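Okay, hi everyone, thanks for having me.

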Amino acid sequence: MVRGALAVLDAGIGLQFFVPAGDGFTFSRGVRLTLEADDLCVLDSALVVQGTAAGLPILHLFSQQGELNRSFGQIYNSPNISINEAIGSTGRLVCDGDNKLVIYAPRGALGEVRAYRTDGTPVWRTIFANFRANRMEDHPGGWRVTVSPDGVHSLHALTAIPGRGLLVQWTYRTYDEIVARASYGTILSYLLNPVTGEPIGPDTTLPPILAATDSTVLVAYEDPEPRFEVRALLPRR
C-alpha cells in the first residue's frame, strides 16, 4: 500500500483506496468484498475486515488486491446462524502493528475484548464484569430478544493510544435514556495492556475518544449535533 494512502469501507460491501495528491487525496481504485463489513484496519500489508456472511467467522484478512486469504474468530457458537451474526456482526477493530495482533470488541450483547494473531490463534480475552445487555434466546421457531430492565452497555470506541495502551469505552444508557434517544448516557473508560489484555486502570472522566496519535486525541460529541475536537495528549507523569 502506498505510504499515507487511505482504505475506506464503502457501504460495508466494498473498499475504496485513495492516494496522496497535493494537499489531499485522490481516488485510486475500488475493490468489492464478498461479505458485509463493519470495520477495517491495516496490519503490515494485510487488510483486516470485520463482518459476517452466512455464518462465516467474523475476522477476515484480505490482500490489497481484494483477495480473501484467511477468515478466523468466532464470538458466539449457536446452531442459529442469525444469533451468531447478531452478536458478532458489528464491532470495532484495532490492528496492533507493534505486537502483530488483531484486537476486536463486539458493539453490544457481550462485554469483552479479544486479541488474535493473524493466523487465527487467540491470544487473550478480557471480560468486563457487570455488563448489561438485552438477552438473546434460542427457541424452536428462531430466536427472541428480552429487553434488559436495568439498561444496556454498548461499545463506543476501541482506540490504540501509542505509548499508553488500548482504550475501551463503553456507554451505559438506562431504559428511559434509550427511549429518549440519548447519545451516550454514562461513558466508562478502561485502559488495557495490548499485549496481555490486563486492565491498566479505569478513568470514568475521559471524554468520548475516537482516534489518537502519540500526542493528540480526536474527541467526538453529539450535543445534539456532531462536534469534533482535537486535544493535546498530556505527557505521562
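**The disulfide and its surroundings**

Start with C41 and C95: a disulfide joins them, with an S to S distance of 1.9 Å. By disulfide I mean a pair of cysteine sulfur atoms within 2.5 Å. The structure holds one disulfide. C41 sits in strand β4 (residues 36–43) and C95 in strand β8, so the link ties together parts that are 54 residues apart in sequence. Helices (H or I, at least four residues) and strands (E, at least two) are DSSP runs, by the way, numbered from the N terminus.

Before I go on: this is a predicted model, where local features need pLDDT of at least 70, side-chain atom pairs count only at pLDDT 80 or more, and totals for chains, interfaces and linings use all residues. Residues are numbered from 1 along each chain as its sequence is written, and side-chain values use heavy atoms, with hydrogens and water left out.

Back to our cysteines. The torsion about the S-S bond of C41 and C95 is about 60°, so this disulfide is right-handed. Are the two cysteines buried or exposed? C41 counts as buried at 10% relative accessibility, and C95 is buried with a relative accessible area of 17%. The cut-offs: buried means under 20% relative accessible area, exposed over 50%, and partly exposed in between (1.4 Å probe, protein chains only).

Now follow β8 into its sheet. Four strands form an open sheet in the order β8-β9-β10-β11, with antiparallel pairing. Two strands pair if DSSP finds at least two bridges between them. β8 (91–96) and β11 (122–127) are the edge strands, each pairing on one side only. Strand β10 (residues 112–116) and β11 are joined by five bridges, and one example is V113, whose bridge partner in β11 is T126.

Nine bridges join strand β14 (residues 152–161) to β15, and the two run antiparallel. They make a hairpin with three residues between them, and G163 in the turn has a positive phi of about 75°. H153 has Y172 in β15 as its bridge partner, and Y172 also stands opposite T186 in β16. β15 pairs with strand β16 (residues 186–192) over seven bridges, again in the antiparallel sense. Seven of the nine residues of β15 (residues 165–173) are buried, so this strand is largely enclosed by the rest of the structure.

To zoom out, the protein has two helices and 20 strands, and 38% of its 237 residues count as buried.
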